[in-house]
Amino acid sequence: MSKLRKRETIEGWAFIAPLLVGLVFFTAGPVLASLVISFCKYDIFSAPRFVGGRNYAELMTDPLFWQSLKVTAIYSFVSVPMGLGLGLAVAILMNQKVRGIAAFRTIYYLPAVVSGVAVALLWMWIFDPSYGLGNVVLRSLHLPGSQWLTSPKTSLLSLILMSFWGIGGGMVIYLAGLQSVPQHLYEAADLDGAGVLQKFRHVTIPMLTPVIFYNLIMGIIGSFQVFTQAFVMTNGGPVNSTLFYVLYLFRQAFNYYHMGYASAMAWVLFAIILGLTLVVFKSSAFWVYYEGERR
Amino acid sequence: MGIRLAVVCCLLSTVLCGCSHREEPTNKTVLRFSVLGAKQEADLANALVKGFEAKCRRSEHLRNPQIKINVEPVAGMGYDIKLVMQSAAGTLPDVVFLADSLVPTFTKYQVVRDLRPFIRQDPEFPINDIYPQMMKTGTDKKGRVFMLPRELGVVVMFYNRALFRKAGLPDPTPDWTRKDFLRMARKLTLRDKDGRVTQYGFSASYNWCGVYAPWVASEGGRVVTRDGARASFSSPESLKGLEDLVRLVTVEKVAMPPNRSITIPGVDPFAAGKIAMQPQVFPQVPFYRATMKDGDWDVQVMPAGTMRRVTNMGAAGYGMSTNTKHPKEAWEFLKFIVSPEGQRILAASGSGIPCLKSLAKDPCWRTPSLHLREGPIRLSRSEGGHPALNYDAFVNSVEFGMGWEDFLILTRPEVSDAVTQAFEKSFLGTPVGEAFREADGKINKILAEKSE
């Protein structure tokens, strides 16, 4: 290696050294530590005590672990597809050439940038069975009011409904995707006599599949890590009907000081999200079309 | 090359300056004092520190070396977590705020030290003047004292006098019973033409051990066995008290269900005049003085159950950390807090009732003008002077306070969560016996795991 090359290499490493140090000490290091702690009994005060796979075995027999997984899975499998659909629908509406459309786009996007705690507190008001806007609207339509967050039958559905508040984030990405669909494809479809729905099904959706794929992956990852809403609004109740996985993990770690158990939960969550992500990636070969791709 | 070397040297020297240790003057001892971040707590802490430092200046044996105390408020949630982390890192402050619910955790992990040697060797310590029930809140089963209480904490019934008068009811009397309470609650619960409740006779945090444990005890039950080692929610006597409490919500419908509101969210329903009675503690007095402008409310001892009258007692306080390098100075400050002078500072802040029996009748905590630091009190329309409060209800309740040893296991988060879930299930229709038998099983399993 020439002297110049050597010097450039050293300088390159020196410039990225702060980032590398941060990565090792604040990311990779803690991640590895949590893996080790997941095989230990550790309550912060005493030194970690190695117990092998006992934490993982206890997880399998913990009814609240399965309850939290069930609640999170239901939330994810309902809110993600519906969120994708709603986001796309709103993006299509926002893609119209209408005066003032920029204002509408802003209005739809604004909720996505509001702080999670503020949103949770706002929706607590909306969901109040006595005075909330939700029941005021239902009663004005001569429909019976709902118990919303105070009943185990409706609490999770209420949180799923609340999740649609943030479709603005996906909408913006869909909008970019819609505007990048080549016009000549629509023109060709027009020439072939395709109607609006046929163009949507055979041109728009296929060209949007990379964006849908991205939103699906991000939606799955995000939905499995839901925490703020449950923590602020319900604390997992009533009767654990909104006990999300990360909320239960937080409780184990910071209320009960079961750090080893919580670390095991974290790695199980990692494995679940990784598994689901891989499944979606593998399946993408069958339904995601990239422009210019040969099939 | 020369410029690069100069830049690196400048950066290094800047970093090293930041790491430099400033030596305190040798004639000064600096203590760190950790408290909750709420404004009221920080203000109280600063007032206590000011009072102590003034006392040190007057005192021959405390003047040199000078004792300086730095207050460290911990903002937001997680005060206990922060202390736990500091203990693990060996950076605990010298004196720490403690609540009774935190004592078991911190004593288990020796975060705070046993104060008995200091108490024994110090004749100035008012051990005989402090309410013994309050001393017990900081004492473990082996008699070790880890927390000095800073106040007398006792639960009494706050009630809205205006609502009572509207319903044609007299004020509750010191000898009132649960039967009187139920009769009053029924009359005080009002409904509109659609059947929706517009005013409840009673409300409480049902899963707070300060409510359910005395309720059960007043019916002859115990939620914890005598040795404090096992839960006994599902014993027949305990179930009687629990069913009595749950029935107020599910059958009598005179008590506000949990997680419901009868006012705009964020507005206290008792302050809004929508709840006629609720169990509360003295630190709520300044809040209700400020928000209930008519001042037409008062307090009374808790109603007696079938077997006896019982109420909950608890306290916040302060302890000395195990890794303090200045135990003598820390002890002098702790002793000051529970001294008459320190207790008068506490009383003046409106934060609590002094923990000293000698101050039970003292005007330092019984004078309403002290309760509002923001401005003058709005006087009630019917009275020409300061709205009086039945202060005696607080000190008289000491007579039937529950022993703290009954609460030790109930303060653990896992146990508290199990009880909360049992109440939730009961309110939603599960038979009380079934819900609490399940809770007993969960709690005893938790306790069995802990004793491994």
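What follows is a working chat about chain B of a predicted model and the side of chain B that touches chain A.

Colleague: Before we start, what are the ground rules?
Modeller: This is a predicted model, where local features need pLDDT of at least 70, side-chain atom pairs count only at pLDDT 80 or more, and totals for chains, interfaces and linings use all residues. Residues are numbered from 1 along each chain as its sequence is written, and chains are lettered from A and ligands numbered from 1 in the order in which they are written.

Colleague: How many helices and strands are there in chain B?
Modeller: Chain B has 18 helices and twelve strands. Both are DSSP runs numbered from the N terminus: helices are H or I with at least four residues, strands are E with at least two.

Colleague: How much of chain B counts as buried?
Modeller: 43% of its 452 residues. Buried means 20 or more other C-beta atoms within 10 Å of the residue's own; 12 or fewer is exposed, in between is partly exposed, and C-beta atoms are placed from the backbone.

Colleague: What is the strand order in the sheet with β1?
Modeller: The order is β2-β1-β3-β12-β4 in chain B. That sheet is open, with five strands and mixed pairing. Two strands pair if DSSP finds at least two bridges between them.

Colleague: Which strands stand at the edges?
Modeller: β2 (66–74) and β4 (148–149) of chain B. Each has a single partner strand, so one side of each is left without a neighbour in the sheet.

Colleague: And β1 with β3, parallel or antiparallel?
Modeller: Parallel, over two bridges, with β1 at residues 28–36 and β3 at 95–99 of chain B. B:Ser34 sits opposite B:Val96 of β3(B).

Colleague: Which strands does helix α13 touch?
Modeller: Helix α13 (327–338) of chain B packs on this sheet and touches β1, β2, β3, β4 and β12 (316–320) of chain B. Contact means C-beta atoms, placed from the backbone, within 7 Å. The direction of α13 makes about 165 degrees with that of β12(B). Axes are lines fitted to C-alpha atoms, for helices over the stretch in contact, and angles run from 0 to 180 degrees between N-to-C directions.

Colleague: Now the sheet with β7. What's its order?
Modeller: β7-β8-β9-β6-β10 in chain B, again open, five strands, mixed pairing. β7 (190–191) and β10 (297–300) of chain B are at the edges.

Colleague: How do β7 and β8 pair?
Modeller: β7(B) and β8(B) are antiparallel, over two bridges. B:Leu190 has B:Gln199 in β8(B) as its bridge partner. Their hairpin has five residues between the strands, and B:Gly195 there takes a positive phi near 85 degrees.

Colleague: What about β8 with β9?
Modeller: β8(B) and β9(B) run parallel, joined by two bridges. B:Phe202 partners B:Met277 in β9(B). β6 (156–160) and β9 (275–280) of chain B run antiparallel, with four bridges.

Colleague: Switching topic: how many residues of chain B are in contact with chain A?
Modeller: 17 residues of chain B, against 17 of chain A. α4 (79–89) and α17 (413–427) of chain B are the elements giving two or more residues to that side of chain B. The largest share, five residues, comes from α17(B).

Colleague: How do the residues on that side divide?
Modeller: Nine nonpolar, four polar and four charged. Ala, Val, Leu, Ile, Met, Phe, Trp, Tyr, Cys and Pro count as nonpolar; Asp, Glu, Lys and Arg as charged; the others, Gly among them, as polar.

Methods:
Contact = placed C-beta atoms within 7 Å.
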